[in-house]
Amino acid sequence: MWGGRFAEGPSAVMREINASIPFDKRLWRHDIAGSKAHVAMLAQQGIVSATDAEAITRGLDAVAADYEARGVPEDLALEDIHMVTEKTLAEKIGPAAGRLHTARSRNDQVATDFKLWTRDAIDELDAGLSALQDTLLARAEEHAASVMPGFTHLQSAQPVTLGHHLMAYYEMIARDRGRLADARRRLNECPLGAAALAGTGFAIDREATAAALGFDRPTRNSLDSVSDRDFALEYLTAVTQASLHLSRLAEEFVIWASQPFGFVALSDQWSTGSSIMPQKRNPDAAELVRGHAGRIAGCCTALMMTMKGLPLAYSKDMQDDKPPVFEAHDLIALAVAAMTGMVESARFRADRMRALAEAGFATATDLADWLVREAGLPFREAHHVTGRVVAEAEKRGVALDGLTLEQLRAVDERIDARVFDVLSVDASVASRTSFGGTAPERVREAVSTARKNRGER
Ligand code: ARG
């Protein structure tokens with residue numbers, strides 16, 4: 001492509017280190033879409049003839065059909081998807097192909113392609129996250145009143161409902177989707193026409209190519225246009241954040257599926273066996289989702305490190321932008337699908353969750369609150385009295401509501417029979433009616449509000 005200046009070809013290693021075709025061939029659809037928009041604009045502006053533009057457009061469609069049928073040829077000598085496509089086009093239509101690159105550089109071309117690809121990636125991930133939210137809503141509704149221990153420090157803290165717990169993940173994913181929407185909005189300006197770095201002397205119409213490619217407007221500064229990879233980084237940070245949420249959910253599934261917990265039985269489809277231990281049902285998919293979060297964070301870090309010291313405008317380092325974005329995208333797509341399948345098919349063992357909530361003295365705060373409300377104790381004193389009640393129950397090996405009134409009154413005689421109204425785990429969750437609280441009625445409300453806001457009901 002630049003043979004005029006060179007007497008010798010590149011060394012084999014130069015060719016190999018320089019080539020991006022092995023990975024950037026993934027951009028082919030977007031590269032062809034960008035070229036078609038560009039050539040249509042060139043014709044409209046009278047920069048290329050209508051005849052040439054028509055030949056180029058038909059030729060690009062033929063190239064696309066080839067790629068679709070046989071894949072993109074990986075010719076390292078041609079370096080990247082842009083050159084491979086231009087060469088393939090020339091093979092099809094002859095010298096007119098050489099007019100396509102008028103008023104364009106690979107620098108604005110690759111920025112445009114990569115933005116188009118990332119925009120699709122955002123939409124794809126958003127659809128996956130939305131499906132996971134649907135699943136969480138369905139399971140939360142089903143378990144709006146299923147009591148489980150709520151934990152802090154992974155110690156039994158206060159009873160909550162499983163529905164409330166699942167809705168916490170719904171909220172996290174809502175924020176992830178918000179981040180994707182923000183990234184998409186900022187991404188949606190078209191760099192095409194920035195050319196190599198300085199703009200072009202041809203009378204191009206950047207508004208036209210921007211509109212044809214579904215962008216809101218052209219980018220405003222040609223130097224920024226070709227050196228900006230914020231959009232890829234914003235996507236990666238949003239993906240990383242989402243993967244952290246999936247990883248936490250996965251970790252909870254690992255814990256819940258363990259025998260000592262026994263809160264969930266993963267379906268056969270989402271379990272693996274052991275080659276030596278016949279009894280095993282391992283939560284491998286959940287563990288891999290947890291593991292992938294680390295790799296995804298690594299991809300995000302990799303691109304940050306690539307970009308951090310680059311002078312304006314384009315440097316070849318920027319060719320390394322694609323592999324981490326592709327890798328993170330593939331990993332998160334799998335993770336979202338896996339978590340959706342796991343949540344959908346999990347058999348939650350409400351009986352076991354309830355038993356552990358009852359065993360953990362999780363209503364101790366309810367007793368302390370009762371002493372404040374009904375017996376007029378200052379909270380600190382109520383805390384102390386309740387601590388003694390817990391010690392008594394522990395000594396006798398019973399739950400708090402397993403103590404008799406006499407045993408309770410032996411600790412503090414201000415306690416009366418009404419206290420039993422608050423000692424059960426059901427009473428405890430039912431009382432947590434503050435906005436955003438775990439009471440079953442609040443959980444059902446949260447589910448229906450979420451559905452309404454999503455325009456689903
Ligand atoms: N393969 C290159 C990339 O992915 C395309 C841009 C090349 N531009 C250049 N001036 N060498 O970044």
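Visitor: Where is the place of Leu 197?
Guide: Helices (H or I, at least four residues) and strands (E, at least two) are DSSP runs, numbered from the N terminus. By that scheme, Leu 197 has its place in the loop between strand 3 (189-190) and helix 8 (206-212).

Visitor: What is the basis of this model, and how are residues numbered?
Guide: This is a predicted model, in which local features need pLDDT of at least 70 and side-chain atom pairs count only at pLDDT 80 or more, while totals for chains, interfaces and linings use all residues. Side-chain values use heavy atoms, with hydrogens and water left out, and residues are numbered from 1 along each chain as its sequence is written.

Visitor: Does Leu 197 count as buried, partly exposed or exposed, and which class is it?
Guide: Buried means under 20% relative accessible area, exposed over 50%, and partly exposed in between (1.4 Å probe, protein chains only). Leu 197 has 38% relative accessibility, so its class is partly exposed.

Visitor: How many aromatic pairs does the structure hold?
Guide: Rings of Phe, Tyr and Trp (its six-membered ring) pair if their centres lie within 6.5 Å; planes under 30 degrees apart count as stacked, over 60 as edge-to-face and the rest as tilted. On that criterion, the number of aromatic pairs is 11.

Visitor: Which geometry do the rings of Phe 253 and Phe 348 have?
Guide: Their centres are 6.2 Å apart and their planes stand at 65°, so the pair of Phe 253 and Phe 348 is edge-to-face.
Phe 253 and Phe 348 are both buried. Ring pairs also link these two into a cluster with Phe 151, Trp 256, Phe 261 and Phe 263. The geometry asked for is edge-to-face.

Visitor: How many residues apart in sequence are the parts that this pair ties together?
Guide: Phe 253 lies in helix 10 (residues 230-257), and Phe 348 lies in strand 6 (residues 347-348). The pair therefore ties together parts whose separation in sequence is 95 residues.

Visitor: Which ring lies under the charged end of Arg 119?
Guide: A charge sits over a ring if NZ of Lys or CZ of Arg is within 6 Å of the ring centre and within 35 degrees of the ring normal. For Arg 119, the charged end is 4.9 Å from the centre of the ring of Phe 215.

Visitor: What separates the C-alpha atoms of Leu 423 and Ala 364?
Guide: Leu 423 lies in helix 17 (residues 420-423), and its 3% relative accessibility means that Leu 423 counts as buried. Leu 423 and Ala 364 are 59 residues apart along the chain, and their C-alpha atoms are separated by 7.8 Å.
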